[in-house]
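Subject: Structure for your review

Dear colleague,

Please find the structure we discussed below. My notes on it follow, and I would be grateful if you would read them alongside the model.

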Amino acid sequence: MNSKLEQLKAMTTVVADTGDIDAIRQWRPEDATTNPSLLLKAAASEAYRPMLEKAVDYAARHASSDAEQLMVATDMLAVLAGKEILGLIPGVVSTEVDARLSFDTSATLERAHRLVDFYDRQGVDTSRVLIKIASTWEGIRAAEQLEKDGIRCNLTLLFSFVQAVACAQAGAHLISPFVGRILDWHLASTGRESYPAEDDPGVLSVTRIYNYYKTNGFNTVVMGASFRNTGEIERLAGCDRLTISPALLHELQEDQGRLTRRLSLDTASSADNPGQVHERQFRWESNEDAMATEKLADGIRRFAADQVALEQRVRQLAQAA
């Protein structure tokens, strides 16, 4: 029998949740996704040194103030990394807008268009790029406009059903609901040590969203993310896409057991009928969901902190040049 990873690839598009070039080369996923945390880790490797130097040089020539140079350099680094990754995979790569812009629609739009322009200047087919934005109300509104502009979006840091509904109604290309971080919150809040995979709160959340989308004909792609164990992945086999870390890809590759499909367009069924989500409803339902509110805020803070750390690394390289 094929490994569980090979069985999974037959029912779900597997995405590499890493910015590590060597790991992507090893696992050869269909797609790849990055974020500031992954880029920060990857930037410490020698494989990224030429990209860092090129990004710093580009910023020095195309930006004036120190702040603008940092902004341009980190965006260019993300684009150069994305270009390198696209040379290793057949599908798309997600590139994230600075998390510090998560509550600013116009600034998010400006940054997203610049990232796409940078990709275009590097000779990359921009249809292979997804712009990654936090699933705040402001981020969703930015994605709505970007989709109209022909720029496909990945709405990340998604923890609640109302976020998922709003993203689909905005025409977002793809959402990334965070399975493991939902589990983390429930373990911490209940004092439990674990949940069986079938009762995992993150798994149940993604299953609900998937069934709602398929039952109601939404084209938005569901990509489960942030997994803590292979049991979560197996319970979502059949989901449109799953983005998986190299460590869990390895576990699935080593497992020769049978994998059962859990999600399917043919069997999807949902009684959810939330109606059109407007801003007041979105903010109220988000406020009422402590887990989603806390994990969204925490996720934005973490990504922002890693963006600052990445900028510091770029600054050090620029000063040493």
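Does S160 count as buried or exposed? The model is a predicted one, and in it S160 counts as buried because its relative accessibility is 4%, below the 20% cut-off for that class. S160 sits in the loop that runs between β5 (153–158) and α8 (161–169). Setting aside neighbours within four places in sequence, the residues in contact with S160 are I209, D289 and A292. A further reference point is G202, which is 42 residues from S160 along the chain; the C-alpha atoms of the two are separated by 9.8 Å.

Overall form

The protein contains 14 helices and eight strands. Its C-alpha trace spans about 55 × 50 × 40 Å along the principal axes. The radius of gyration is 19 Å, which agrees with the value near 20 Å that a compact globule of 321 residues would have. Of those 321 residues, 56% count as buried.

Strand β1 and its surroundings

Strand β1 covers residues 13–17. Four of its five residues are buried, so the strand is largely enclosed by the rest of the structure. Strand β1 is joined to strand β8 (residues 241–244) by four bridges, and the two run parallel. Within this pairing, V15 stands opposite T243 in β8. Strand β1 is also joined to strand β2 (residues 31–33), by three bridges and again in parallel. There, D17 has T33 of β2 as its bridge partner.

T12 belongs to the loop between α1 (4–9) and β1. T12 counts as buried because its relative accessibility is 3%. Apart from neighbours within four places in sequence, T12 is in contact with L236, A237, G238, C239, D240, R241 and L242.

Aromatic residues

A search of the whole structure finds seven aromatic pairs. One of them is formed by Y58 and F118, in an edge-to-face arrangement with 5.5 Å from centre to centre and 75° between the planes. This pair links distant parts of the chain: Y58 lies in helix α4 (residues 49–62) and F118 in helix α6 (residues 105–121), 60 residues apart. Y58 counts as buried because its relative accessibility is 13%, and F118 is buried with a relative accessible area of 5%.

Elsewhere, ring pairs link F161, Y212, Y213 and F218 into a cluster.

Two arginines lie over aromatic faces. R141 lies over the face of W137, at 4.3 Å from the ring centre. R192 lies over the face of Y195, at 3.8 Å from the ring centre.

With kind regards

Definitions and conventions. Residues are numbered from 1 along each chain as its sequence is written. This is a predicted model: local features need pLDDT of at least 70, side-chain atom pairs count only at pLDDT 80 or more; totals for chains, interfaces and linings use all residues. Side-chain values use heavy atoms; hydrogens and water are left out. Rings of Phe, Tyr and Trp (its six-membered ring) pair if their centres lie within 6.5 Å; planes under 30 degrees apart count as stacked, over 60 as edge-to-face and the rest as tilted. Buried means under 20% relative accessible area, exposed over 50%, partly exposed in between (1.4 Å probe, protein chains only). A charge sits over a ring if NZ of Lys or CZ of Arg is within 6 Å of the ring centre and within 35 degrees of the ring normal. The radius of gyration is taken over C-alpha atoms; the globule rule is 2.2 Å times the number of residues to the power 0.38. Contact means heavy atoms within 4.5 Å. Two strands pair if DSSP finds at least two bridges between them.
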